[in-house]
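Open your viewer and get ready to select residues by number.

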Amino acid sequence: MGIRSLLAFSTLAVLVAASLADPAWNGHLTPGSTSKARFSPYYVPPGAKSYDSSSPLLHYSGTWSESFSPAYVQKSIRASSEPGAAMTFTFMGTGVEWFGSQDRKHGVAKVYLDGQLVREVDAYNGASMKQQRMFWAFGLPPGKHTLKIVNAGAKHPASRGTLIDVDALVVTVGPPAQEGPAQQSMAAAFQDMPSYPPLLDLSAKFPAESHWTLVQNGSTGVHAMQLAIVSETHALVVDKVEHNPLTISGHPAWAALYNLKTHALKPLSMQSNSFCAGGTFLSNGTLVNVGGNPVVEDHTSAADFGDVDGLQAIRIFEPCESDNVEDCRIYENHDRIRMASPRWYNTVLRISDGSAMIIGGSLKGGWINNSTTNNPTIEYFPPKDIHGSNGLPIHLPFLVDTLNSNLFPIAFSLPDGSVFMAANRDAMIYNWQTNTERRLPQLPNGVRVTYPMTGTGLLLPLSPENNYSPEVLLCGGSTVDDTKPGYEISSQDPASSQCSRMVLTEAGIAAGWQVEQMPQARTMPDAVLLPTGEVLIVNGAGSGISGYGNVVNQVGASNADNPVLTPVLYSPSGPVGQRFSSAGMPRSNIPRLYHSVATLTPNGDIMIAGSNPNLDRSELKYGTEYRVEWLGPAYMKVKRPEILGGVPKLLGFGKAAQLKVRMPASLQGKNVKVALMDLGYVTHAVHANSRLVYLESVLSSDGQTLTVTAPPNGNIYPPGPGFIYVVADEVPSVGRRVLVGDGKSPAVDHGAQQNVLKKTAVDQYEKAKGHPEEDSSE
């Protein structure tokens, strides 16, 4: 074993030992958050109130019986098999949830809200499950509402009865109303999510074509902490373990596939806690979700982060491009596939050979990083035998020097194959093939850009016209001193409005950072590349920092306040001082703070979701947000180019493809370019894999054939999936998915993989933590 490998293994041993010696969570706790309980859908979040089946406020008609068991909420339940038997409940609030049981004897219920039939719920299940969320409706107008549940006298073909029961009702009182129009209701049953009509259009029907639109439509079902577009029709939504409304296998789900066209949801089964994980696609189109917190089975608590399974987890989502996603799955097997060291808040980047570089992170969950929890290393998936590491972590001095505010480093793969990294106030270029760091000038004016002083960053568009000269943009963040304790930091500390740009050439580095100011300061912003080359900046807060429960003057549990509700468009090639504009931008009425996301979609609009500065689901101010917004650029309202065919499933480097296109008469033959885009894996304002490369292209004289040439190699566009948009006069087509490169998986070094498994261990979920025995009562 070489000295570098020995040092890496020694470091790893210390890291693993440290993580096993102490609880793996050192962050904010709430009363009861460490008490394990059955992980059922029934949950009463802050800002909500539970009403048991025996409450005098629940009115029953027809024949109902009452049963008693410790398995029921408050140990009692009301049930009826009589057709027409009903329960009526009038409440004041903005949401309501119905909890009951499921088994082979249950039938169908009709659910009415304010006199309107909104759902038929089939309570049949082949397994016996208690405390299940049968129906929920959020976003109701504040005021009085009436819920009525009626036994329909119908049943599933396999059911042995028509039983309907009421275990408990939970009412969302609702946070103080935000400015903006009243919202319409969003109702769903436990089985599925419907296709919604637009719930709320905030675009005010602007008469000018230069104005953007904003529509609320759909619910993510699980909170959208992490977001990735996985096909032309679906997005993957990933959360941490918490009491989300969407359920799977009798417990709350924390991952789902979201249909971009119908807004329907498919919950996904996750074995381990993906809390604050990162992700990327690999060269063969497989998506990996990396890091997090512990395995959660049937019992958990809000702060049940005592095991390292999630911290070392590598979750596999194979390419799933069909409109039908019933067979799409997330695969985990920690005995065969895992990281070599625990990581929470790690950045995951696809690099020039199509593999994943896993960067930094913390050994345990909590808040700001420090020298005892820091993991100042990188590793690769699949593991590499590089620089004597034999698959084990490689030390990066940069990740030591950038403490404390250095989690979720900003990183981009550059067109020479090296990697740009920014953390805290510092930046460097890392040559992973030679394991050398080149430090860059420090960011100006003391602005920190990584968690918890979170800013955002992008690699600006690459073009053959300037030989793919790379330029990075870093926006927002905070100047708060990262050595201060939480009790000296306030949610009212101002965020930064600074944007810093640098061209990563010798001349550009010598010139240093070029500074501009956004119209509004933001921490936790999201920066989204558009096919036109412009950058949309959305989400975030005007004051405070990331996280929850850590600072003074918290709002709810949020460490940040003063949400920035109006997006801003940045034009990189515009004149200095005139690059930012919010002209024609609609103002949202949904605060998007910590754990918010935004991404470009294949359709060309921007999907905005999430916000949850809370330990578990909350309905207080800055509570857990499930509503989805769709921000439509002005180009969505005009006639757009169309790609009619010719997009290959596989586009090899340097190869040409002939696209069949249709150009609107007003655009034909004018200023046509082709954008190849990686829409990235988005979480915590990190858009590390987002990428736009303009392709060499020639439009035929009849305007119907567009010949495009793929990037020359994986340095320019790391091999993997992408979307092709044809842009004419700054109006893009709908994007079409393509796999760039040879389509093969990244090289697997079996020796390095086996060495990782040999030299590391997974701390398995502790079965002997006093879990109560199951109750078999029905």
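Start by selecting C499. At 1% relative accessibility, C499 counts as buried, because the cut-off for buried is under 20%. Keep in mind that this is a predicted model.

**Stop 1: the partner of C499**

C475 and C499 form a disulfide, and their sulfur atoms lie 2.0 Å apart. Now colour the two strands. C475 sits in strand 37 (residues 471-476), while C499 belongs to strand 38 (residues 498-503). The pair links distant parts of the chain, 24 residues apart. A disulfide is a covalent bond between the sulfur atoms of two cysteines.

Is C475 buried or exposed? C475 has 2% relative accessibility, so it counts as buried. Next, look along the S-S bond of C475 and C499. The torsion there is about 120°, so this disulfide is right-handed.

**Stop 2: the other disulfide**

How many disulfides does the structure hold? It holds two. Select C320 and C328 to see another pair. Their sulfur atoms are 1.4 Å apart in the model. Both C320 and C328 are buried. Number the bonded cysteines in sequence order, and the pairing reads 1-2, 3-4.

Take a quick look at another cysteine, C276. Its relative accessible area is 0%, so C276 is buried.

**Stop 3: the loop between the strands**

Go back to strands 37 and 38. Select S491, which lies in the loop between them. S491 counts as buried because its relative accessibility is 0%. Show what surrounds it. Leaving aside neighbours within four places in sequence, S491 is in contact with several residues, including S543, G544, N553, Q554 and D561.

Now draw a distance from S491 to Y548. The two are 57 residues apart in sequence. In space, C-alpha to C-alpha, they are 9.9 Å apart.

**Stop 4: the nonpolar cores**

Which residues have the most contacts inside the largest nonpolar core? Select W212, F420 and I606. This core has 97 residues. Its largest share, five residues, comes from strand 56 (residues 720-728). In soluble globular proteins, nonpolar side chains tend to be buried together.

Zoom in on F420. Not counting residues up to four places away in sequence, it touches a set of residues, among them I410, F412, L440, L474 and W513. Then move to a second, separate core of 46 residues. Select I359, I386, F408 and M428, which this second core includes. M428 is also one of the residues that F420 touches.

How values were computed: Residues are numbered from 1 along each chain as its sequence is written. This is a predicted model: local features need pLDDT of at least 70, side-chain atom pairs count only at pLDDT 80 or more; totals for chains, interfaces and linings use all residues. Side-chain values use heavy atoms; hydrogens and water are left out. A disulfide is a pair of cysteine sulfur atoms within 2.5 Å. Buried means under 20% relative accessible area, exposed over 50%, partly exposed in between (1.4 Å probe, protein chains only). Helices (H or I, at least four residues) and strands (E, at least two) are DSSP runs, numbered from the N terminus. A nonpolar core is a set of buried Ala, Val, Leu, Ile, Met, Phe, Trp, Tyr and Cys residues joined through side-chain atoms within 4.5 Å. Contact means heavy atoms within 4.5 Å.
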